[in-house]
Amino acid sequence: MELIDTRSKLCPACMKIHDVSIVNLEERAEFKGQSVTFVATYEYCQLADEYIETEELIKQNDLTMKNAYRKQNDLLTSEEIVAIRERYDVSQKDFSEILDWGGATITRYENHHVQDRVHDDVLCKLATDPNWFIQLLNRKKGQIPDKAFLKYLQKARAAYQQQKNEYLKDTIRALYSNMTGLETTGGVELDLDKVVAMVNYLAAGVDRLFKVKLMKLLWYSDILHFKRHGRGISGLAYRALPLGAVPYGHEEILQMDGIVFEERIFGENLAYQFMPKPGFKVDELTQTEIQVMNDIMRELGKLKSDTIVKRMHEEDAYRCTNKNSIILYSYAQNLSLQ
């Protein structure tokens with residue numbers, strides 16, 4: 001018996017007002033042909049030496065037992081089902097409607113009824129696939145009130161964007177799994193939040209910032225910080241490509257949440273113009289990092305992209321690196337910027 005609380009109340013066992021203990025007991029029950037072990041909660045009267053199960057505790061213990069059965073059979077618990085529904089901020093009734101289940105089905109699953117395997121598989125998929133929820137929701141357009149429909153759609157889209165962002169981050173981290181060390185990543189671990197902050201800070205300080213120029217300003221920021229302080233800023237590794245230094249995995253990096261750009265058409269060419277995310281703050285960057293980036297923008301920020309590319313091609317770091325190879329941070333000692 002584990003004591004978890006005491007409450008002064010009228011005890012239903014002895015009909016006296018005194019401190020009644022709230023205790024946990026390990027119990028075993030038979031459910032659906034299986035023996036289930038779970039922790040039940042009771043009130044305990046020391047005067048009568050009697051355990052009391054109120055109506056509220058009967059419901060609580062029943063749900064605890066069924067959740068133990070769910071875990072035992074690899075099914076979602078009631079709390080996990082609630083969490084899935086709350087992820088999309090959808091009511092129990094509308095959730096059942098979206099899934100084409102009976103109106104009270106979700107309510108029962110969250111309270112006292114154990115779901116079958118088929119329904120559990122559906123709920124598991126919704127827990128990890130907000131895009132599928134969006135598809136199911138769109139089928140019910142016109143059957144669910146417009147205000148609720150738009151709220152659910154907005155939440156699902158936000159969940160999908162978050163999932164997409166986490167997938168991108170995992171992909172980028174996988175690319176960098178074998179890239180560590182002073183020479184390759186500037187002696188710091190890849191920090192994707194800091195990368196996003198660097199892009200936003202440069203976009204806020206440089207007028208008409210396009211992709212080629214952004215790539216070079218990132219490299220110059222990292223390499224100059226390494227030259228001055230013995231470590232990079234972002235943990236990015238840079239490859240020597242025809243137009244200069246480009247972060248390894250840059251295509252995935254620029255798709256991350258928090259990086260904002262618009263497509264621009266110049267003749268037959270498509271360009272990406274970067275701008276700061278609304279409400280951006282520089283919390284991820286230290287004062288020394290900000291100082292280095294300010295110096296980079298002051299020195300290079302007003303130059304045209306092709307001018308910066310030409311300058312990059314004259315750096316020892318680029319000239320001494322084989323095409324498509326990683327540019328070593330040790331070349332920072334010969335960097336043209338001080």
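Residues are numbered from 1 along each chain as its sequence is written, and side-chain values use heavy atoms, with hydrogens and water left out. Because the model is predicted, local features need pLDDT of at least 70 and side-chain atom pairs count only at pLDDT 80 or more, while totals for chains, interfaces and linings use all residues.

Two packed helices are described by the angle between their axes and the distance between the axes. Axes here are lines fitted to C-alpha atoms, for helices over the stretch in contact, and angles run from 0 to 180 degrees between N-to-C directions. Helices (H or I, at least four residues) and strands (E, at least two) are DSSP runs, numbered from the N terminus.

Let's start with helix α10 (residues 211–229) and helix α12 (residues 287–300), whose axes come within 9 Å and cross at roughly 130 degrees. That angle makes α10 and α12 oblique to each other; angles under 35 degrees count as roughly parallel, over 145 as roughly antiparallel, 65 to 115 as roughly perpendicular and the rest as oblique. The crossing of α10 past α12 is right-handed, a term used if the near helix is turned clockwise from the far one by less than a right angle, with anticlockwise giving left-handed.

On the α10 side, the residues that meet α12 include Leu-217, Tyr-220, Leu-224 and Arg-228. Their partners in α12 include Val-292, Met-293, Ile-296 and Leu-300. This contact (heavy atoms within 4.5 Å) is made up of seven nonpolar, four polar and four charged residues. For this count, Ala, Val, Leu, Ile, Met, Phe, Trp, Tyr, Cys and Pro are nonpolar, Asp, Glu, Lys and Arg are charged, and the others, Gly among them, are polar.

Helix α9 also packs on α12, at an angle of about 40 degrees and with the axes 11 Å apart. This pair is oblique too, and α9 passes α12 in a right-handed crossing. From α9, Lys-194, Met-198, Tyr-201, Leu-202 and Gly-205 meet Glu-289, Ile-290, Met-293, Asn-294 and Met-297 of α12. By class, six of these residues are nonpolar, two polar and two charged.

**Cores and buried residues**

A nonpolar core is a set of buried Ala, Val, Leu, Ile, Met, Phe, Trp, Tyr and Cys residues joined through side-chain atoms within 4.5 Å. Buried means under 20% relative accessible area, exposed over 50%, and partly exposed in between (1.4 Å probe, protein chains only).

Which residues have the most contacts inside the largest nonpolar core? They are Leu-214, Trp-219 and Tyr-220, in a core of 53 residues. Among the elements that each supply at least two residues of this core are α7 (146–175), α9 (192–205), α10, α12 and α13 (305–314). Trp-219 touches Tyr-238, Ala-245, Met-312, Glu-315, Ala-317, Ile-327 and Leu-335, not counting residues up to four places away in sequence. A second, separate core of 25 residues includes Leu-123, Trp-132, Leu-136 and Phe-149.

Trp-132 and Leu-136 are also among the buried residues of helix α6 (residues 130–139), together with Pro-130, Phe-133, Ile-134 and Leu-137. The cover over the buried residues of α6 includes α2 (78–87), α3 (92–98), α5 (117–128) and α7.

Ile-327 lies in the segment after α14. Although Ile-327 and Trp-219 are 108 residues apart along the chain, their C-alpha atoms are separated by 9.8 Å. Leaving aside neighbours within four places in sequence, the contacts of Ile-327 include Glu-183, Arg-239, Ala-240 and Thr-321.

**Accessibility of single residues**

| Residue | Relative accessible area | State |
|---|---|---|
| Ile-327 | 1% | buried |
| Ser-21 | 9% | buried |
| His-18 | 15% | buried |
| Asp-49 | 54% | exposed |
| Lys-32 | 56% | exposed |

Beyond four places in sequence, His-18 touches Arg-7, Ser-8, Lys-9, Cys-11, Cys-45 and Leu-47. With that exclusion, Ser-21 touches Leu-3, Asp-5, Thr-6, Tyr-42, Glu-43, Tyr-44 and Gln-46.

Lys-32 sits in the loop between β2 (17–31) and β3 (34–45). Its phi is near 50 degrees, a positive value in a residue other than glycine. Asp-49 is in the loop between β3 and β4 (50–52), and the phi of Asp-49 is likewise positive, near 50 degrees.
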